[in-house]
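Visitor: Please take me through the salt bridges of this model, slowly and one at a time. Then show me what lies around them.

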Amino acid sequence: MLKDQNIKKSSVHSELYNLIPENHILRKINETVDFSFIHELVKESYDVYYGRPTNDPEVLFRLLFLQNLYQLSDR
């Protein structure tokens with residue numbers, strides 16, 4: 001089940017964003033690239049009414065992006 005992802009949740013991790021320097025590459029990517037296109041690409045893969053709520057596809061894509069950017073293992 002794909003829920004409306006426009007609602008941003010506050011968490012302890014959101015405070016970590018303030019610790020990232022202004023000129024850091026991840027901050028620049030976040031300001032430049034609009035990853036919301038992911039929702040349009042995957043919306044046919046999710047049922048709005050049935051099933052368990054999903055993880056936000058945009059967050060999952062961002063994690064894969066970071067994994068590739070920093071050449072991290074999936075282990």
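Guide: Start with Lys43 and Glu40, whose side chains meet in a salt bridge with a distance of 3.1 Å from N to O. The model is a predicted one, and the distances here are computed from it. Glu40 has a relative accessibility of 51% and therefore counts as exposed, since the cut-off for that class is over 50%. Lys43, at 39%, counts as partly exposed.

This pair is part of a set: a search of the whole structure finds three salt bridges. Of its 75 residues, 13% count as buried.

Another salt bridge joins Arg27 to Glu22, with 3.6 Å between the closest N and O atoms. Its two partners differ in their cover. Arg27 counts as buried, because its relative accessibility is 7% and the limit for buried is under 20%. Glu22, with a relative accessible area of 59%, is exposed.

The remaining one links Arg62 and Glu58, and here the closest N and O atoms are 3.1 Å apart. Both residues sit in helix H3, four residues apart, which means that about one helical turn separates them. Glu58 is buried, its relative accessible area being 11%, while Arg62 is partly exposed at 27%.

Asp34 belongs to the loop between H1 and H2, and at 56% relative accessibility it counts as exposed. Leu60 is partly exposed, having a relative accessible area of 38%.

Now for the helices themselves. Two packed helices are described by the angle between their axes and the distance between the axes. For H1 (residues 25-32) and H3, the angle is about 140 degrees and the axes are 13 Å apart. That angle makes H1 oblique to H3, because roughly antiparallel would need over 145 degrees. The crossing of H1 past H3 is right-handed.

Away from the charged pairs, there is a nonpolar surface patch of about 730 Å², made by Ile25, Phe37, Leu41, Phe61, Phe65, Leu69, Tyr70 and Leu72. Helix H2 (37-42) and helix H3 (57-69) are the elements that give two or more residues to this patch. H3 gives the most, with three. Tyr70 lies in the segment after H3 and counts as partly exposed, since its relative accessibility is 41%.

Gln71 is in the segment after H3 as well. Most residues other than glycine have a negative phi. Gln71 has a positive one, near 50 degrees, and is not a glycine. At 72% relative accessibility, Gln71 counts as exposed.

Definitions and conventions. Residues are numbered from 1 along each chain as its sequence is written. This is a predicted model: local features need pLDDT of at least 70, side-chain atom pairs count only at pLDDT 80 or more; totals for chains, interfaces and linings use all residues. Side-chain values use heavy atoms; hydrogens and water are left out. Patches are made of residues with over 30% relative accessible area and no salt bridge: like charges are joined within 9 Å, nonpolar side chains (Val, Leu, Ile, Met, Phe, Trp, Tyr) within 5 Å. Accessible areas come from the Shrake-Rupley method with a 1.4 Å probe; for residues, only the protein chains shown count as cover. A salt bridge is a side-chain nitrogen of Lys or Arg within 4 Å of a carboxyl oxygen of Asp or Glu. Buried means under 20% relative accessible area, exposed over 50%, partly exposed in between (1.4 Å probe, protein chains only). Axes are lines fitted to C-alpha atoms, for helices over the stretch in contact, and angles run from 0 to 180 degrees between N-to-C directions. Angles under 35 degrees count as roughly parallel, over 145 as roughly antiparallel, 65 to 115 as roughly perpendicular and the rest as oblique. A crossing is left-handed if the near helix is turned anticlockwise from the far one by less than a right angle, and right-handed if clockwise.
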